[in-house]
Amino acid sequence: MEVFEAISGRRTVKAFTGPALTPDELEPLFDAARWAPNHKLTEPWRFRVLGEASRSALKIAAAGVAVAHAPEGSDSQLIGAVAAKKLDRAPTLVAVSCVRNADPVLEAEDFAATAVAAYIVLLTAHASGFAGYWRTPEVLRDNAGTEALGIGPEEDVLGLLHLGRTEGGLPKPPDRADSSRFVSYLD
Ligand SMILES: Cc1cc2nc3c(=O)[nH]c(=O)nc-3n(C[C@H](O)[C@H](O)[C@H](O)COP(=O)(O)O)c2cc1C
């Protein structure tokens, strides 16, 4: 697939069908991510592909976090159950995190490089015929969630990639501003 076609054709997809991506299907995506631009070549990105046990642990954590944050008077048990169930929506879940750097400049650069690496995974998934969705669930902003995945305080979480297959066409893209709205050519 031509690069512009891949970039403009990739879409966030939230409904999946079929089995999880196999390690053979995932490896080329992670292999591509290695080529993200990365100052000092710190290779700060970490990708954790969830298995059955880690997904269950994350669901338990998600329910707990949602219950704890449920508005007063709401059906907190239902809110917890919905938060957990959302983690069953994709057959493959990949937590993306970045190893923190003691140097604040490198820390910011590494976070940016990890976002690029995550995008490469989504883009190459699309170019390989898979569908994806970058999600930032509340549970991964909470220690309960990061602990469920074995992510320690030395890492920052960027999100949870949902990957799988989808039937039918991709959703219509949300409108994007014309580049003249955000580009200026300085003297
Ligand atoms: C860092 C990041 C976090 C995101 N988190 C969420 C999320 O938590 N929930 C959600 O519905 N979409 C999330 N998205 C997906 C965006 O909503 C989506 O990319 C946007 O609607 C544009 O659609 P497109 O990806 O099809 O172009 C996230 C995207 C990024 C880059």
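**Note on salt bridges, a cavity and surface residues**

1. In this predicted model, R100 and D156 form a salt bridge through their side chains, at 2.4 Å from N to O. The pair joins distant parts of the chain, with R100 in the loop between β2 and α5 and D156 in strand β4, 56 residues apart. R100 counts as partly exposed because its relative accessibility is 41%. D156 has a relative accessible area of 17%, so this residue is buried.

2. Strand β4 also holds E155, whose partner R48 is in strand β1 (residues 45–49). In this salt bridge between R48 and E155, the closest N and O atoms are 2.9 Å apart. The two residues are 107 residues apart, and the pair links distant parts of the chain.

3. D88 lies in the loop between α4 (76–85) and β2 (92–99) and K59 in helix α3 (residues 52–69), so the pair ties together parts that are 29 residues apart in sequence. Both partners are partly exposed: D88 at 33% relative accessibility, and K59 with a relative accessible area of 23%. Salt bridges with shared partners join K59, K85 and D88 into one network. The count of salt bridges comes to six.

4. How many cavities of 30 Å³ or more does a search of the whole structure find? The search finds one. The largest cavity has a volume of about 50 Å³. Its lining is made up of R10, R11, L122, H126, F130, A131, G132 and L170. The elements giving two or more residues to this lining are α5 (104–127) and β3 (131–135). By type, the lining residues divide into four nonpolar, two polar and two charged.

5. On the surface, V3, F4 and I7 form a nonpolar patch, with about 310 Å² of accessible area together. V3 belongs to helix α1 (residues 3–9). V3 counts as exposed because its relative accessibility is 56%, and the cut-off for exposed is over 50%.

6. P153 sits in the loop between α6 (143–148) and β4 (155–164). At 69% relative accessibility, P153 counts as exposed. Between P153 and F47 there are 16 Å in space, C-alpha to C-alpha, and the two are 106 residues apart in sequence.

Notes:
Residues numbered from 1 in each chain as written. Predicted model: local features only at pLDDT ≥ 70, side-chain atom pairs only at ≥ 80, totals over all residues. Heavy atoms only, no water. Patch = residues over 30% accessible without salt bridge, like charges linked within 9 Å, V, L, I, M, F, W, Y side chains within 5 Å. Areas by Shrake-Rupley, 256 points an atom, 1.4 Å probe, with all protein chains shown as cover. Salt bridge = Lys/Arg side-chain N within 4 Å of Asp/Glu carboxyl O. Helix = DSSP H or I, 4+ residues; strand = E, 2+ residues; numbered from the N terminus. Buried < 20%, exposed > 50% of the residue type's maximum accessible area, 1.4 Å probe, protein only. 1 Å grid on protein atoms, 1.4 Å probe; cavity = no way out; pocket = protein on both sides within 12 Å on 5 of 7 lines; lining within 4 Å. Points joined across faces, edges and corners; volume = space filled by probe spheres on them. Nonpolar A, V, L, I, M, F, W, Y, C, P; charged D, E, K, R; others polar.
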